Amino acid sequence: MQLATPGMETSPESATSQPKSKVAIAPDALLWMMGGAIAIFLITSSLRHYMFQSTGFDLGIYDQVTYLMSQGQPPISSILGFHHMGNHAAWSVYPLGLLYRIYPSVYWLLVVQAISLAAGAWPTWSLARRAGLDDRTSLGMAAAYLLYPVVFNINLFDFHPEVMALPALLAAILAARRQKIFGFCAAILWVLGCKAVLSLTIIALGIWLIFFEKRRGCGAIALMAGSAWFVIVTQLIIPQFSGEEVAGVWRYTYLGNSVIEILINLFLKPQLVLGKLFSLETLDYLFVLALPVLWWLSPRHLTPLIPALPTLLVNSLSEVSFQRSLAYQYSIPVIPFLLLAAIASLAGNGNTLWGGLNHLWQKWQNTDKFPLSLPKAIVLWSLLIFLLYGKYGRFLEYTQRLDTWQATREAVATVRPQTAVLTDNYLAPHLTHRRVLKLLSQVSADGDLTEFDTVILNRRHPWPDTVETGEAIARRLAADPEFQTLYQQNDVMVFRRLDVREASPE
């Protein structure tokens with residue numbers, strides 16, 4: 001079946017790298033799609049937070065440090081216990097402090113996240129058009145991006161700086177193919193500033209650009225920048241600001257206790273690595289992750305997946321299963337390259353499952369026309385996978401905990417600004433505009449609570465991991481003469497130290 005437009009070159013090289021004589025202008029349909037996605041993303045994430053279902057990990061962490069940045073204070077997370085740069089070296093969060101200068105609100109993070117996720121549709125469409133796909137098929141690929149379950153699901157999982165890297169990765173590829181060196185450099189520098197581990201993606205991107213895209217200039221820049229940043233953040237910045245190894249090393253203890261040791265054992269202990277890579281859990285993860293574009297992939301055009309290999313390796317080798325879940329942020333760097341592989345396969349007339357289905361239909365029905373056009377097939381398949389793997393059903397779960405919503409709002413309103421607070425993971429994101437806020441998981445039931453002025457608990461719907469700690473502390477404070485029960489309604493309680501003094505925001 002002819003998938004390319006008439007007169008288009010069909011080799012992989014010409015389909016993906018030859019400059020076009022005209023710059024395509026984004027159609028109104030694409031802008032409407034992006035606008036609608038922004039609205040949906042922002043409404044759903046804001047509603048989740050408004051219903052007290054967001055968490056201290058990670059929305060509370062980033063809200064607190066961004067607020068402190070806006071106030072000119074050191075961005076030290078009291079939840080993590082160290083400086084923000086010790087947490088993935090995500091310097092891209094610093095500009096968000098300017099938004100908090102206008103008005104300090106956690107919703108700025110959700111706005112930035114919604115816009116960032118939706119913005120990736122534009123370079124996806126541009127890459128499809130540049131590859132030679134027609135207007136409707138290119139729009140179909142943009143829709144596939146917006147309907148990708150990982151894109152929607154991460155929007156419902158608090159806030160993570162790497163969402164800002166998603167459109168930048170796609171923009172970097174587009175800039176490389178357009179030979180826009182300055183734009184490419186700006187894009188990869190921004191990606192590097194979103195999370196330390198993305199340096200591995202940029203290194204692999206450089207290798208792919210040099211050897212497969214023949215973009216040696218951009219490839220060399222990516223390879224050098226990614227390698228330099230990886231060494232700097234893992235050996236200098238993160239240890240200096242956090243006082244410990246890179247976050248997440250504990251997930252690979254069977255390979256070593258440091259980044260260097262893990263890298264060495266990847267080669268010295270291949271039996272451990274291969275056992276993880278070829279496990280049923282890993283194979284299932286890879287299949288489900290690729291499922292939204294599976295029909296459009298061809299074995300002949302899978303080289304765009306090379307930059308995704310570090311992320312796939314990191315996730316597959318992890319000892320924690322949630323790193324291979326579509327509900328979390330860990331697979332974000334893979335999405336651009338899966339879409340790119342699908343675009344290359346369609347543009348290059350590869351042997352895709354879609355092409356095979358067309359061929360079988362033509363033989364069976366003795367016709368040269370399949371009843372479903374390619375653009376419609378892309379959208380319908382993407383919608384089906386979204387309905388199967390999107391986490392929109394979580395809102396039904398959230399409604400079961402709404403019986404304490406009003407009491408929780410009233411309890412939060414009693415907490416004075418700047419005072420030191422102890423609470424649980426659900427309530428933390430509503431109380432993070434202060435220097436000291438800690439979670440129940442950071443204290444023991446019989447530990448010292450003198451650093452806290454206020455303790456706020458929801459005993460009916462507590463965070464599951466700290467139920468016993470919360471109950472023990474509630475009983476302890478109810479009998480402690482140094483604390484008063486300031487609020488109690490529907491099992492929501494606020495305890496305040498009698499001699500509490502409001503701290504200065506300075």
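Student: Which residue in S4 is the bridge partner of Thr 423?

Tutor: This is a predicted model, where local features need pLDDT of at least 70, side-chain atom pairs count only at pLDDT 80 or more, and totals for chains, interfaces and linings use all residues. Residues are numbered from 1 along each chain as its sequence is written, and side-chain values use heavy atoms, without hydrogens and water. Strands are DSSP runs (E, at least two residues), numbered from the N terminus, and two strands pair if DSSP finds at least two bridges between them. S3 (residues 421–423) and S4 run parallel, joined by 3 bridges, and the partner of Thr 423 in S4 is Leu 439.

Student: Which strands stand at the edges of the sheet?

Tutor: The sheet is open, with 5 strands in the order S4-S3-S5-S7-S6 and mixed pairing. Two strands have a single partner strand each, so one side of each lacks a neighbour in the sheet. They are S4 (437–439) and S6 (483–489).

Student: Which residue stands opposite Gln 484 in S7?

Tutor: S6 and S7 form a hairpin with 2 residues between them. Their pairing is antiparallel, over 6 bridges. Opposite Gln 484 stands Arg 496.

Student: How many residues of S7 are buried?

Tutor: Buried means under 20% relative accessible area (1.4 Å probe, protein chains only). Val 492, Val 494 and Arg 496 point one way, Met 493, Phe 495 and Arg 497 the other, and all are buried. The count for S7 is 6 of its 6 residues.

Terms used
Helices (H or I, at least four residues) and strands (E, at least two) are DSSP runs, numbered from the N terminus. Buried means under 20% relative accessible area, exposed over 50%, partly exposed in between (1.4 Å probe, protein chains only).
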